[in-house]
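Have the model open beside you and try each task before reading its solution.

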Amino acid sequence: MVSSRKLRAFKNWMKSQHVECSDALDVVVTTNSSAVSVRALCDLNVGDLVATIPKESCLTVKTSGARQMIEESELEGILALAVVIMYERSLGPLSPWFGYLQLIPYSEPIPLLWSLSQIDSLLAGTELHKIVKDDKALIYEDWKECIEPLLTSVSLQLKAEHFGVKEYLAAKSLIASRSFEIDDYHGCGMVPLADLFNHKTGAEDVHFTSSYAELNNDADNENYGNDKTHSGGECLQRSDLESSHSELDDDAHSDKHGNDDNEPTKVNSRDESISGSYSEFSSASEDDLTVLEMIMVKKVEAGAEVFNTYGSLGNAALLHRYGFAEPDNQYDIVNLDLELVLQWSSSRFSHRYSRRRLSLWRKLDYSGCVSQNSEYFEISFDGEPQVELLILLYIILLPEEVFAELDLAVTITSGFENSEGFNLSKKDIVLFREGVESSNNMLLTDGVCVALSGLADIRESLYGSNHLEDDIKTLNYCCLVKEPKIYYSLVLRISERRILEKLRCYASAGAIMQTKGGKTRKRAKFE
C-alpha cells in the first residue's frame with residue numbers, strides 16, 4: 001500500500017537523482033485503491049517534454065552494486081536483473097535506489113505468484129492455465145541452478161532471506177510488469193517514474209524515448225520501437241510487447257541464464273565491488289551520458305490521468321504480465337491447439353486418417369503458429385479463424401478419391417514449388433499456396449462450418465461445466481478491490497468465451513452463405 005509519506009520520499013529521491021518531472025504533472029495516490037497514478041495539472045500538448053530521466057538513475061545490471069557478482073557468475077538478461085532487484089532490496093536504506101524501491105510494491109499480483117490451487121480454479125480453460133504452471137516450474141529450476149549457488153558462496157556472504165524462491169518470484173513479477181528496454185549497453189532495467197504511468201489500451205499519451213538517437217542515428221539503434229517521437233529519439237518500450245500466443249511465452253528461458261534471442265549481449269566493463277561501489281557513468285560509454293525523455297504524443301486536458309500503453313495486448317498477455325485485464329479488449333484472441341484439431345478429427349475418422357491429411361497439409365507448406373513446441377491457430381477478436389486452420393479442415397474433409405488424387409499430384413510436383421496454385425478441375429477444388437490472394441469463402445464448405453462449431457464446443461469445454469452466462473453473473477457481483485484475482489480471471493474467461501461465440505456465428509454465417517451460393521458453384525459434398 002502506497003502512503004503519502006512514501007510518495008514524498010520518492011519525490012525527494014527523484015530530485016537527488018536529477019530525475020526531472022514537469023510541474024505540469026502530478027504523481028498522486030488514488031484514494032480508493034492506494035495505487036499511484038499520474039495526472040495533468042494543466043493542459044498538455046503534443047510534443048511537450050514532461051520528464052527527463054538520467055540513465056544512471058535507472059536500476060540495471062550496469063548501475064547496481066551487484067554488477068561484479070553477476071558478471072562473475074555469468075548471469076545475464078532477465079535473470080540477472082532479478083538478482084539486481086533482490087540485492088538492492090537486501091541493502092535496505094543503504095541502497096541508492098531505496099527511495100524508489102520503497103514506493104513500488106513488493107510484488108505485482110500476476111498469476112505467476114498465485115497458488116497452484118488458484119491457478120487451477122481461476123484460469124482453467126484459459127490461454128494462461130498451462131503457461132503459468134509451466135512458468136512456475138521453470139522459474140524454480142532457474143533459481144535452483146543459478147541463484148542458490150550464490151548463497152553457498154562464502155566470499156559473497158549473501159543472506160538466504162533476501163534471495164529465496166519467494167524473493168525471486170517477487171522480483172520476476174516486477175520485471176514482467178515494470179521493466180523497460182533501455183539501450184544496448186544497459187539492456188533491460190527498471191526506470192523510475194516511467195513505470196508509474198498506468199496502461200490503457202489504445203490510449204497512449206506519452207512516449208518514453210532515448211535522446212541518444214539524436215547523437216547517433218544509425219540503423220543499429222532502432223531496436224526498441226517501430227516509430228519515432230517528435231524529438232527524433234528512439235521509442236522506449238516495455239519489455240517483450242508482442243501480441244500473440246508466443247508473446248505469452250517470452251518469459252520462458254532459452255538457456256540456463258534466462259536469455260532469449262532479443263536480449264542484449266553482455267558487455268564487459270570495469271569491475272565493481274559487491275559491497276556497494278556503483279558505476280561512474282561519465283567514463284563508461286557515450287550511451288551512458290544520455291537521458292531518457294518523456295514526450296507527449298496526445299493532448300491531455302488538465303485534471304485527466306496521463307496514460308502510457310504497454311502495447312497492443314490481449315487480456316491473456318495483460319493478465320500474465322501486468323496482473324489485470326480489460327473488458328471488450330479488441331486485441332483479444334483465442335488459440336486452438338493443433339492437437340485439439342487432431343483430437344476432433346480422430347473422433348470422426350481414424351488416427352491414421354487424420355495424420356495422412358495433416359501430412360498433405362504440411363506438404364503444401366502450411367503450418368500454424370508455433371511457440372515452445374506447441375502449434376496452434378489464432379481466432380481473432382471478431383471470431384475469424386486463421387486461414388491455415390480452414391485449409392487444414394478442408395483437406396481433412398476431402399473425399400478419399402479427391403484426397404488421393406491431390407496427394408499424388410503434390411508428391412509429383414514436390415509441393416508446388418514452381419506453381420502458384422493447383423486446380424483439380426474435375427472436382428472444382430482449388431487449393432492455393434500460402435500468400436496467394438484468395439477468398440476464405442471457397443473453404444467454408446458445409447463440413448468445414450460444422451467442424452468449426454465442433455471445435456468451438458471442444459475448446460469451451462475446457463472451462464468446465466458452467467456457462468458463459470454464469471461467468472457474467474459472477475463478474476457482476478464480484479468486487480474488483482476485494483477480489484482482483486477472481487475479477488480479472490473472469491474478465492479473461494468471458495472475453496475468450498465470447499470469441500468462441502463469434503466463431504460459431506462465423507461458421508453459421510458461412511453455412512448460410514454456402515446454401516445461398518450453391519446454385520452458382522459446385523461444392524464437394526462431405527459425409
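**Exercise 1: α11 and α13**

In this predicted model, helix α11 (residues 338-348) packs against helix α13 (residues 387-396) at an angle of about 20 degrees, and their axes are 12 Å apart. Classify the relative orientation of α11 and α13, then describe their contact.

*Solution*

Step 1. Start with the angle of about 20 degrees. Angles under 35 degrees count as roughly parallel, so α11 and α13 are roughly parallel to each other.

Step 2. Look at the handedness: α11 passes α13 in a right-handed crossing.

Step 3. Now find the residues that meet. From α11 come Leu338, Val341, Trp344 and Ser345, and from α13 come Leu389, Leu392, Leu393 and Ile396.

Step 4. Sort these residues by class: seven are nonpolar, one is polar and none is charged.

**Exercise 2: α3 and α7**

Helix α3 (residues 77-91) and helix α7 (residues 165-178) pack with their axes 9 Å apart, at an angle of about 115 degrees. Work out how α3 is oriented relative to α7, and list the residues in the contact.

*Solution*

Step 1. The range for roughly perpendicular is 65 to 115 degrees, so α3 is roughly perpendicular to α7.

Step 2. The crossing of α3 past α7 is right-handed.

Step 3. On the α3 side, the contact uses Ile78, Leu79, Leu81, Ala82, Ile85, Met86 and Arg89. On the α7 side, Glu167, Tyr168, Ala170, Ala171, Lys172, Leu174 and Ile175 take part.

Step 4. By class, the contact of α3 with α7 holds 11 nonpolar, three charged and no polar residues.

Note on methods
Residues numbered from 1 in each chain as written. Predicted model: local features only at pLDDT ≥ 70, side-chain atom pairs only at ≥ 80, totals over all residues. Heavy atoms only, no water. Axes fitted to C-alpha atoms, helices over the stretch in contact; angles between N-to-C directions. Helix = DSSP H or I, 4+ residues; strand = E, 2+ residues; numbered from the N terminus. Parallel < 35°, antiparallel > 145°, perpendicular 65-115°, else oblique. Left-handed = near helix turned anticlockwise from the far one by under 90°. Contact = heavy atoms within 4.5 Å. Nonpolar A, V, L, I, M, F, W, Y, C, P; charged D, E, K, R; others polar.
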